[in-house]
Amino acid sequence: MGAYSIKVRGVVQGVGFRPFVYRLAQTRRLTGWVLNGDSGVEIHLEGPEESLQLFLNELESRSPAAARVTAVQVSSVEPAGFRDFAIRESESRAQPTARVSPDLPVCEDCLRELLDPRDRRFGYPYINCTNCGPRYSVIENLPYDRANTTMSAWGLDDDCSAQYRDPANRRFHAQPVACPRCGPHYFLSSTGEVISGDEAAIRRAAQLLSEGKILAIKGLGGYHLACDARNAEAVASLRTRKFRKEKPFALMARDIDVARNVVTLGTEAEELLRSPARPIVLAPARLDFPGVAPGNDELGVMLPYAPIHFLLFAAGALEVLVMTSANRSSEPIAYRDEEAKERLDEIADAFLVGERPIARRVEDSVLRVGAFGAAFLRRSRGYAPGAVATIPAERPILALGADLKNTIALVLDGQAFVSQHIGDLEHYEAHRALAETVEDLLSMYKVPLDDLLVVHDAHPQYFSTVYALKLPARSVQAVQHHRAHIASAIAERGAWGREVIGVSFDGAGYGDDGSIWGGEIFAGSVRGGFERVAHLRAAALPGGDAAASFPVQAAAGFLCQLDNLPDLSAPPFSFPLRYFDSVNLLQKGVRLFPTTSMGRLFDTAAALLGFARATTFEGQSAIWLEQLARKSPRLAPYPFLFERGELDFRPLLEAIIHDRVRGRNPAEIAQSFHQGIACGLTNALLDLCGRRAVKTVVLSGGVFQNEQLLAALKGLLEPQGFEIWTNLAVPCNDGGISLGQAALGAFQDMGRGLCPI
Ligand code: ZN
Ligand code: FE
């Protein structure tokens, strides 16, 4: 006879781990107990040595599908003489570090019951079990128990309670368990009409969608706005009411067959689409949905994940629906009922509302399968708040990210948790969302503010910076934006001492010299710090950050460095007045800001190729340019020279203008531009890596969402023996900044300020 004390860490709470342990112990006739502790699952086990070993083998190899075990710690203890095996009440100590499970899609078993008229949960939108259902979006406190979720207001009826207590049942200790008799319900409300009863409400909602109406639908982590994707009029009025001119809407396809018709899906993209996270997957469009993604040949598609979605389709909703985050313009997604009612009143014709409160907003995640595998564009539902890296920090760290695509990171006990997507910190709503997320994560993990290291972007005017400086923490650290990009990709791999050449290309970030950086190359490591060793040739940016929405305004600052410009007011350029106003600013020397932004260079190329109007969402002109390039086969690159630490854009832009004037196909020009950027950068890397005997190249920053560029770089660099690191666990755009800040902040903290960060 022996006895073990076992500690299991990872995503092990809220995924059916305790029932699994219970059943395993039962089959092996072992005694003892299991409980959810603050740092994971704790087990005390007694029995014959042989059975104990078998148990340990199966503990990892047969753990539940949604669980992710990262460590199992086993120690021998004295047997206490237990007669049976029990699931004990949770223990709560001072500082919990157990990982909270992301939300899970309804499982096959529950789906079968949901659609089976003989089942008592037939048509019930809150069906779930230990293998599926809400987690992060309902958890109010740790440990994960019903009393700590937004289901605490509902008691269990006898049937649910029996299932909850039966170790052989799939709902054994399923915290959000409910049924039509004891749980919350959905209702539909529109002007002058409230329809209660799940079935009637959902049927009416499906009907309204078919009639071309716009519905606000409460889902897992917030409200969606939905309409018939094939109804151009409905889509157009959704755009008008939502103040969203051109930014693509996401679609929800009824099932995988419908999705395959809507977009071209490779094996990996299809796997992603069907994975437990059920993200939005961007893929080449096969069908045209007018107004859904104007001028874009990709569509974002997801599959149903919450029971309410399956029920809508079962009730006759059209097979492809627009399902976009419910908000106005770029505000965060609405998730509280009162707030949704108020903010969406002018947008939605009707509301399909569920009674279960949402603990926090969690938007849909967005990914694309690219040259280096699946990459995040937005990391949120299904992934947050999962740990993405292990950072050797000496104390808890809170990193506040950047002002666009904001996320925050919390390092606790060495684990780096990255929050869901919070949004652009432009409005009051987003400011409040940031504060809520900070308070939420700190209180969930009971992190004391006084011992916290707070890390923020070096930009003095960022909202996140101002917010960071107001927090009552004793230690505060600023990290330069582009170094944080590089560190984010390294943090994913834990290669702290690895010497790399890091390429950080994006739209804008505050540079060491106070100018607008965005085309930066660094040498160094996270441990030793990063030195800026090269950059894009500087240009003047008339109007500063405001130029980001006007490609021709950015173009003025780059083009003024060229000789013999043609008349840009004439075809094929036909630049609008704004360009010439910007040239005036340049000549007068007022409101000029030096920049090395690669994003603005892409804007300039887009302007020269026909994108001379204002952009209506961030990155639009670069996406337009990339899609134009895709229409051409691979062509010879334009010259993009690297000399004395500077990438010179002048010959590149001269070549574009020359070819444009002589009437070359714009798609071919866009292609040669992309190849030119890739070749120029490759030459720079060969030079810089050669000098330092470095073989690892890091590519990060929003520009690397460009698949044409990534694929070209991969083709050029890999045959030369370089290892290329891109972001896989967090987005390469500013959504990944918080992770990079946390990593650099941690090492700065340990070294006490030796390296430039
Ligand atoms: Zn289930
Ligand atoms: Fe950035």
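Let's start inside the fold, with strand E6 (residues 186-190): four of its five residues are buried, so this strand is largely enclosed by the rest of the structure. Buried here means under 20% relative accessible area, while exposed means over 50% and partly exposed covers the range in between, using a 1.4 Å probe and protein chains only. Helices (H or I, at least four residues) and strands (E, at least two) are DSSP runs, numbered from the N terminus.

Before going further, a word on what you are looking at. This is a predicted model, in which local features need pLDDT of at least 70 and side-chain atom pairs count only at pLDDT 80 or more, whereas totals for chains, interfaces and linings use all residues. Residues are numbered from 1 along each chain as its sequence is written, chains are lettered from A and ligands numbered from 1 in the order in which they are written, and side-chain values use heavy atoms, with hydrogens and water left out.

Back to E6, which has partners to follow. Strands are said to pair if DSSP finds at least two bridges between them. E6 runs antiparallel to strand E14 (residues 350-354), with five bridges joining the two, and Leu188 stands opposite Leu352 of E14. E6 also pairs with strand E7 (residues 193-196), again in the antiparallel sense, over four bridges; here Ser190 faces Glu193 of E7. Together E6 and E7 make a hairpin with two residues between them, and Gly192 in that turn has a positive phi of about 70 degrees.

Now move to helix H2 (residues 49-61). This helix has 13 residues and reaches 19 Å from its first C-alpha to its last, close to the 18 Å expected; the expected span is 1.5 Å times one less than the number of residues. The buried residues of H2 are Ser51, Leu52, Phe55, Leu56, Glu58 and Leu59. Their cover includes strand E1 (2-11), helix H1 (17-27), strand E3 (40-47) and strand E4 (68-76).

Next come the metals. Donors are N, O and S atoms within 2.8 Å of the metal (3.2 Å for Na, K and Ca), and sites may look incomplete because water is not among the atoms. The zinc ion (ligand 1) is held by the SG atoms of Cys107, Cys110, Cys129 and Cys132, at 2.3 to 2.4 Å. Along the chain these donors follow the spacing C-x2-C-x18-C-x2-C, and both Cys129 and Cys132 are buried. Why is the arrangement around the zinc ion (ligand 1) tetrahedral? Its four donor atoms subtend angles of 103 to 117 degrees, and four donors count as tetrahedral if all angles lie between 85 and 135 degrees. Four count as square planar and six as octahedral if opposite donors are over 155 degrees apart and all others between 65 and 115, and anything else is irregular.

Eight residues of domain 2 are in contact (heavy atoms within 4.5 Å) with eight residues of domain 4.

Asn169 sits in the loop between helix H4 (158-165) and E6 and counts as buried at 18% relative accessibility. Leaving aside neighbours within four places in sequence, Asn169 is in contact with Arg23 and Gln163. Phe530, in strand E25 (residues 529-536), is buried at 0% relative accessibility. Val661 belongs to helix H18 (residues 650-661) and, at 52% relative accessibility, counts as exposed. Leaving aside neighbours within four places in sequence, Val661 is in contact with Pro566 and Phe573.
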